[in-house]
Amino acid sequence: MIEIPSDLNPDLVPLAFLLGNWAGAGVTDFPGAEKANFGQEVSFTHDGRDFIEYRSYTWVLDSEGNKVKPLETESGFWRISAEGDKGPRKVEVVMVRDDGVVEVWYGELADKKPQIDLVTDAVARTAAAGPYTGGKRLYGYVKGDLMWVGEKQTPEVSLRPYMSAQLKKVVTPEEVADMARNLGDLPDDGIAFFK
């Protein structure tokens with residue numbers, strides 16, 4: 001179920017399905033890099049302003065699912081804006097990666113479903129960054145999970161998928177405490193609750 005926080009900026013309601021902390025696993029495979037399974041933790045948070053803050057941490061997993069080494073870290077800001085009264089809802093993302101890449105992404109929300117397609121509009125790289133010329137991403141909320149696939153291209157490799165993951169919503173101890181406070185009055189014996 002998608003919940004819309006009461007203090008969420010109204011412009012961001014179409015992105016509410018992203019909000020929260022997510023964790024899961026995926027696969028990475030791109031020419032010139034070792035194919036691997038990876039773990040991922042992602043957070044999408046807001047503070048009432050007109051953007052959602054994004055952070056993602058990934059790490060290589062061994063065959064038993066143990067963390068081996070860091071893979072990629074990203075952070076950024078997601079915004080949404082309407083193009084005219086009847087135009088599609090557009091999404092813009094500014095993202096920074098630990099490998100020295102800064103990207104501006106533009107995309108579109110799918111019609112009547114929680115899905116976003118993004119394409120890079122601008123890429124800036126530091127001298128330490130590897131070759132990279134752009135990418136595409138698809139994020140979707142599917143049966144309560146956040147799923148995504150990323151494509152990238154370099155001067156040597158045409159645009160192709162390189163990472164994908166399936167993430168589950170993480171409930172923090174604070175969220176459990178909030179749920180407990182909001183339960184209201186329950187029967188003392190607990191049995192009447194099920195009748």
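Student: Where is T58 found?
Tutor: T58 is in strand β3. Bear in mind that this is a predicted model.

Student: Buried or exposed, T58?
Tutor: Buried. Its relative accessibility is 5%, and the cut-off for buried is under 20%, so T58 qualifies.

Student: What is T58 in contact with, sequence neighbours within four places aside?
Tutor: F38, G39, Q40, P70, L71, E72 and M163. Take P70 from that list. T58 and P70 are 12 residues apart in sequence, and their C-alpha atoms are 6.2 Å apart in space.

Student: And V60, which strand is that in?
Tutor: V60 is in β3, which covers residues 52-61. V60 counts as buried because its relative accessibility is 12%, and the limit for buried is under 20%.

Student: Which residues does V60 touch, leaving out those within four places?
Tutor: A36, N37, F38, N66, K67, V68, K69 and L71.

Student: Let's zoom out. How many helices and strands does the protein have?
Tutor: There is 1 helix, and there are 10 strands. In sequence order the pattern runs β-β-β-β-β-β-β-β-β-β-α.

Student: What share of the residues is buried?
Tutor: 34% of the 195 residues. The accessible surface is about 11,800 Å², and carbon and sulfur atoms account for 53% of that.

Student: How about contacts between residues at least 6 apart in sequence: what percentage join residues at least 24 apart?
Tutor: 39% of them.

Student: What's the mean pLDDT?
Tutor: It is 88, and 85% of the residues reach 70 or more.

Student: Where does pLDDT stay under 50?
Tutor: Over residues 186-195. For that stretch the model has 3 contacts beyond four places in sequence.

Student: Pockets next. What volume does the second largest pocket have?
Tutor: About 570 Å³. Its lining has 25 residues.

Student: Which lining residues lie nearest the centre of that pocket?
Tutor: T28, A33, L71, E72 and K152.

Student: Which strand gives the largest share of the lining?
Tutor: β4, with 4 residues. β4 spans 67-82, and β10 spans 160-170; each supplies at least two lining residues.

Student: What is the lining like by class?
Tutor: It has 13 nonpolar, 4 polar and 8 charged residues.

Student: Changing topic. Where does P31 sit?
Tutor: P31 is in the loop between β1 (20-28) and β2 (36-45). Its relative accessible area is 40%, so P31 is partly exposed.

Student: What does P31 contact, once neighbours within four places are set aside?
Tutor: V157 and R160. P31 and R160 are 129 residues apart along the chain, with their C-alpha atoms separated by 9.9 Å.

Student: And Q153, where's that?
Tutor: Q153 is in strand β9, residues 145-153. Q153 counts as partly exposed, because its relative accessibility is 27%.

Student: What are the contacts of Q153 outside four places in sequence?
Tutor: Y132, T133, G134, S158 and L159. As for P131, it is 22 residues from Q153 in sequence and 8.6 Å from it in space, C-alpha to C-alpha.

Student: Backbone angles now. What is phi for K112?
Tutor: Near 65°, which is a positive value in a residue other than glycine. Most residues other than glycine have a negative phi.

Student: Where is K112 found?
Tutor: In the loop between β6 (101-109) and β7 (115-125). K112 is exposed, because its relative accessibility is 80%, and the cut-off for exposed is over 50%.

Student: What about K143, what is its phi?
Tutor: About 50°, again positive, and K143 is not a glycine. K143 lies in the loop between β8 (134-142) and β9.

Student: Buried or exposed, K143?
Tutor: Exposed, with a relative accessible area of 82%.

Note on methods
Residues numbered from 1 in each chain as written. Predicted model: local features only at pLDDT ≥ 70, side-chain atom pairs only at ≥ 80, totals over all residues. Heavy atoms only, no water. Buried < 20%, exposed > 50% of the residue type's maximum accessible area, 1.4 Å probe, protein only. Contact = heavy atoms within 4.5 Å. Areas by Shrake-Rupley, 256 points an atom, 1.4 Å probe, with all protein chains shown as cover. 1 Å grid on protein atoms, 1.4 Å probe; cavity = no way out; pocket = protein on both sides within 12 Å on 5 of 7 lines; lining within 4 Å. Points joined across faces, edges and corners; volume = space filled by probe spheres on them. Nonpolar A, V, L, I, M, F, W, Y, C, P; charged D, E, K, R; others polar. pLDDT = per-residue confidence, 0-100.
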